[in-house]
Amino acid sequence: MDILLTYGLALALALPLGLFMARLMEAPASRITAGLLRACGVDAARGMSWRTYVAALLGTNVIVGLVALATYLLQGGLPLNPDGIANLRWDTAVHTMASFITNTNQQHYSGQSGLSYLSQMLGITALQIFTPAVGFAALFAVLRGLRGDAHLGNYFLDVTRGAALLTVSSAVLALLLTWQGVPSTFAGARTATLVQPQTVEGQAVTTQTIPVGPVAPMVAIKQLGTNGGGWYGPNSTVPLENPTPLSNLLETVSIILFPLALVVATGRFLRRPRFGLVLMGVMSVLSAALTLGAVLAERMPNAALAGLSALGPNMEGKEVRLGADATALWAALTTQTSNGSVNGMLDSFTPVGGLVPQLGMFLNDVYGGIGVGLINMLVFVILTVFVAGLMVGRTPELFGRKIEAPEIKLASLILLLQPLLVLGFTALALANPAVTANSNPGFHGLSQVLYEYNSAFANNGSGFEGLGDNTPWWNLSCALVLLLARFLPVIGPLAIAGLLAAKRAAPEGSGTLRVDTPVFAGMLLSVMLLLQLLNFAPALVLGPVAEQMTLCGSRPGCDPERSEQQPTGRTERRDGQVLSLTGPQWSPAPLTLVKDVTK
C-alpha cells in the first residue's frame, strides 16, 4: 500500500506541475526576469543555435565549478565554519567539484565532518539548484529542435526559469521537513548526554557530539533536484535527515516528482500528448518491474544470519523504523532517476537486491535525472525509429524530419560511451588491485567496482559503501567519468536537435511511422532492453548473479536453512566451528567464538 501511495501521489502532483512547466517554457520572459538578465548583459529574447547553446552551457559550468573547487580547498579559513573543519584534500576536492557540477553528488567524504557550513551551502546546495536547472534547460532546447523551432531558445533564460522553479519547490519541501524535525540552524554541533554510558577501548563515554546545521534546505533540493548528496554521510538513513514516516514519504515522492512532471511537459510542449503517454508508459513499466524486483529480493532472509536469528526480510544495513519494503522502494526509485540518495546501505542488499539499482542506472532513463533522463530516452527513440526504418525499407523520420547518417552516428556514439567508460574503468580497477586497493574479493568485489563507475556515469552518486573510495585513484578516475558522462551525452543530443531543426518537415502520411502508438512503445522497450543487456549482461553475470548462485546453488530462490554457502566476507558458526569465506567456497577455520556477523 505504501508503494502504491508513493506512485499515486507522485503522479497526482506531476500532472499539474508538468503542464505548468510547459506553459512556463512557452511564455516570453517576464519583465523581472528580462530585467535581471539584461543587468547581466543577456538579451532574454535572443535565440541561440545549438553551438551557441553548448558554448554557454559549458562556460557557465566551468565558472561555477572553479568557484566550488576554491571553496572546498579554502574552507578552513573561510566564514561559517563553527566546527573548525579543515580544507578538503586536493584530490577529494576535485572529485567533489566534478560530482556536484554534474548533478551526481557522489560523495567520497562524510558530509557532516568533511565540509563547513559555507561549503555545504555555496559548494553543494547552490550547485544542487544550478546543475538540475542546466539539465532542465538542455531538455527544452532539445525539444525545440525536435519540433522544428528556428532556434533552441536562450540558455540563460531557460536556466533561470529552471532554477527558480526548483528553488520555490524546495523551499516548500524544506518547511515541511523542518516541521517534521529535520534541523535547520546555523548553530554548531550539539553535545548530548548518553542515557546509557558506553565503554569504548577501555574508556567510559558519557556524551555524544551531534552535528546539525541548515540540513532541511539541502535535503529538500537533494531530493527534488535528483541530486542525492546528503548532509550526513549515511544520508537519509540518519533520523536527523529523515525523522518520521511522513518525512520518508515526502522524500520518496520527491525523488520522481520532477522527472515525472517533465514527461508530462514533453507531451504538452511538443503538442503530442500521446507521445508523452508512450514515454510515460514505457518508463512506468520498467519502473514497476525494477521496484517489484528490489522489494521481493529484500524480503528474502539474509543468508549470513542462517541459524542465528529468526527468519524474516533482509534487515542488514537498514533502519529498523523504516523496514525492508520502504528501503527497497527508495533504492529502486533513486537509481531509476539520477538521485542517488539512500535510506539504507545498498552494499548490504542481497545480490539480486543490489542488481536492481545496477539495472536502473545502466538504463539511465527509466525516469532519469531532471532533463537528462528524458534526453537519454529521446536518443533511444531516435535509434528505435532508425531500426524500424531499416525493417520496412524506409528512410527513418521523427516528427516529419529525416534521420540521416549524422544523427545516427551521434546517437550511436552516445550509446557506446557508457560501456566504454563503465566497463573500461572497471577492468582497469580490477586489473590493478595494488593501486586501487579494492576492499572486497570475489563476486561482490566486482559488483562494488562496477557499481562505483556505473553510478558515476549515470550521474547517480549512490554507492556500495564497502568500497574504500576516498583515494587518489578513485577520486580522479571517477571525476573523469563524471565529467565525460555528463557533458558528452548532453552536447550530442543538442547537436542532433540542431541538425533536425534545420531540416524541412515532410507532411505525415499513411506510410509515416507513428511514435505515439502501443506498437512503437513495445518496440522502444525492446530496443532499450536488448541494447543494454548486450552491453552489460556479462558483467552482471560475473558479479551479482554469480554471487546469488553462490548463496543458493542452482536454485532460483534462496533458502538459508538449507544453503551451504554464504556471501563473500561473512562469517557464521556451525557445529562449534567458524566458517569463513575467502572466495566462492567455504573453508572451516579453527575458531570457536563469533562476536559479530560482519562484512
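This is a predicted model: local features need pLDDT of at least 70, side-chain atom pairs count only at pLDDT 80 or more; totals for chains, interfaces and linings use all residues.

Entry 1. Next I ran the search over the whole structure, and it gave me 10 aromatic pairs. One of them joins Tyr-155 to Tyr-53, with 5.5 Å from centre to centre and 85 degrees between the planes. I noted that pair as edge-to-face, since the angle is over 60 degrees. I then looked up where the two partners sit: Tyr-53 belongs to helix 3 (residues 50-74) and Tyr-155 to helix 7 (residues 155-180). They are 102 residues apart, so I filed this as a link between distant parts of the chain.

Entry 2. I checked Tyr-53 too, and at 0% relative accessibility it counts as buried.

Entry 3. Then I turned to Phe-362 and Phe-536. Their ring centres are 3.9 Å apart and the planes meet at 15 degrees, so I wrote "stacked" beside this pair. Here too distant parts of the chain are linked: Phe-362 is in helix 12 (residues 351-363), Phe-536 in helix 18 (residues 518-552), and 174 residues separate them. Both Phe-362 and Phe-536 are buried.

Entry 4. Back to the tyrosines for a moment. I found that Tyr-53 and Tyr-155 form one aromatic cluster with Phe-156.

Entry 5. Last, a charge and a ring. I have the charged end of Arg-147 sitting over the ring of Phe-269, 4.0 Å from the ring centre.

How values were computed
Residues are numbered from 1 along each chain as its sequence is written. Side-chain values use heavy atoms; hydrogens and water are left out. Rings of Phe, Tyr and Trp (its six-membered ring) pair if their centres lie within 6.5 Å; planes under 30 degrees apart count as stacked, over 60 as edge-to-face and the rest as tilted. Helices (H or I, at least four residues) and strands (E, at least two) are DSSP runs, numbered from the N terminus. Buried means under 20% relative accessible area, exposed over 50%, partly exposed in between (1.4 Å probe, protein chains only). A charge sits over a ring if NZ of Lys or CZ of Arg is within 6 Å of the ring centre and within 35 degrees of the ring normal.
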